[in-house]
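Visitor: Could you walk me through this model, with the cut-offs spelled out as we go?
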Amino acid sequence: MNLRVMSWNAEGMFVEGSMTRRASPDDALAVLREVGADIVVVPEFGVFERMSEKTSSAIAALGYTMEQFVYGDERGHGTGLAILSRLPIESRQRIAMNEFKSALEVVVAREHQNIRIIGVHLDDRTEAGRLAEAEQLVAHIGSRKPLPTLMMGDFNAMDGSTFFARIARGICGNIAGQIVRNEQLSSVVSRVREMALGTTIRYIESQTHLRNLDPKLRRTISAKQRGLEWLPAIRLAKIDWVFGSPEVAVKRYRVLRDVGSDHRPIVVDIEIAPSKE
């Protein structure tokens with residue numbers, strides 16, 4: 001069975017008044033049309049109440065059913081995660097990670113086979129917060145019936161062995177945190193050092209049967225975000241991940257161009273081995 005999936009923190013691009021000033025809902029819809037994925041995970045879809053009828057109708061016209069939930073984090077102002085599926089959805093479940101955040105699981109069907117999709121958006125502030133959330137994810141995965149599984153989204157965590165992660169943890173990161181005078185940029189530097197610790201990704205890989213589907217560790221995020229539009233759009237680090245179970249084989253893995261969010265869309269063409277049942 002072949003499947004195309006996309007993970008993209010669109011930074012609220014699907015709604016009016018998004019978190020990015022560089023793009024619009026029409027730009028977000030253009031990405032959906034261009035990619036034509038069967039499953040799309042959008043960790044920061046936006047404030048659902050602000051989504052226009054035009055946008056919701058366009059998503060439906062592309063063949064997608066949307067499952068969604070709103071984060072309880074007071075900083076999000078109603079922002080939530082969405083999973084768009086062109087495949088029939090057999091079941092849906094929230095996975096509580098803490099009092100504010102949940103992950104979203106849907107089980108979809110193709111060719112008489114069920115596939116589990118878990119959409120994730122981990123804490124963006126501390127590694128301790130991410131690890132606590134990852135523990136809940138690991139416990140949930142371990143309690144579920146075995147199925148071909150994809151877990152994808154914005155993990156706000158790097159592989160600690162990469163060059164950028166080592167720099168972010170090291171002397172350059174410490175100096176930057178001391179000399180930066182822009183309050184937002186200083187906050188970004190501090191949080192990036194936490195993301196560079198690498199423990200969350202190691203924990204997920206060691207405690208589940210899931211593996212990273214991008215061994216090349218292609219970078220997905222730049223510093224060019226709302227309030228910092230003057231920064232270059234150079235990709236710096238990988239914090240968006242797609243993990244898959246042993247039945248999942250990668251045919252093609254792409255990180256797309258800058259389309260208005262500080263996160264690049266990830267598109268993966270996969271093949272899932274037939275069920276032995």
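Guide: What follows is a short talk about the helices and sheets of this chain.

Guide: This is a predicted model, in which local features need pLDDT of at least 70 and side-chain atom pairs count only at pLDDT 80 or more, while totals for chains, interfaces and linings use all residues. Residues are numbered from 1 along each chain as its sequence is written, and side-chain values use heavy atoms, with hydrogens and water left out.

Visitor: How many helices and strands does the protein chain have?

Guide: The protein chain has seven helices and 12 strands, where helices (H or I, at least four residues) and strands (E, at least two) are DSSP runs numbered from the N terminus.

Visitor: And what share of the residues counts as buried?

Guide: Of the 277 residues, 53% count as buried; buried means under 20% relative accessible area, exposed over 50%, and partly exposed in between, with a 1.4 Å probe and protein chains only.

Visitor: Let's take α1, then: which of its residues are buried?

Guide: In α1, which spans residues 25–35, the buried residues are P25, A28, L29, V31, L32 and V35. They cover an arc of only 150° around the axis, which puts them on the same side of α1, the arc being that of the directions from the helix axis to the C-beta atoms.

Visitor: What do they pack against?

Guide: The buried residues of α1 pack against β1, β2, α2, β4 (79–85) and β12, with contact meaning heavy atoms within 4.5 Å.

Visitor: At what angle do α1 and α2 pack?

Guide: Helix α2 (residues 53–61) packs with α1 at an angle of about 0°, and their axes are 11 Å apart. Axes here are lines fitted to C-alpha atoms, for helices over the stretch in contact, and angles run from 0 to 180 degrees between N-to-C directions. That makes α1 roughly parallel to α2, since angles under 35 degrees count as roughly parallel, over 145 as roughly antiparallel, 65 to 115 as roughly perpendicular and the rest as oblique. On the α1 side the contact is made by P25, D26, L29, L32 and R33, and on the α2 side by K54, T55, A58 and I59.

Visitor: Switching to strands, how does β1 pair with β12 and β2?

Guide: Strand β1 (residues 2–7) runs antiparallel to β12 (residues 266–272), joined by six bridges, and L3 stands opposite I270. With β2 (residues 39–47), β1 pairs in the parallel sense over three bridges; two strands pair if DSSP finds at least two bridges between them.

Visitor: What about the open sheet, what is its strand order?

Guide: The open sheet of six strands has the order β5-β6-β7-β8-β10-β9, with mixed pairing. β5 (89–96) and β9 (211–212) stand at the edges, each with a single partner strand, so one side of each is left without a neighbour in the sheet. Two bridges join β9 to β10 in the antiparallel sense, and N212 has F243 as its bridge partner.

Visitor: Where does α7 pack on that sheet?

Guide: α7 touches β8, β9 and β10, and its direction makes about 10° with that of β10. In α7 (residues 199–207), T200, I201 and I204 are buried, and they fall within an arc of 100° seen down the axis, so they line one face of the helix.
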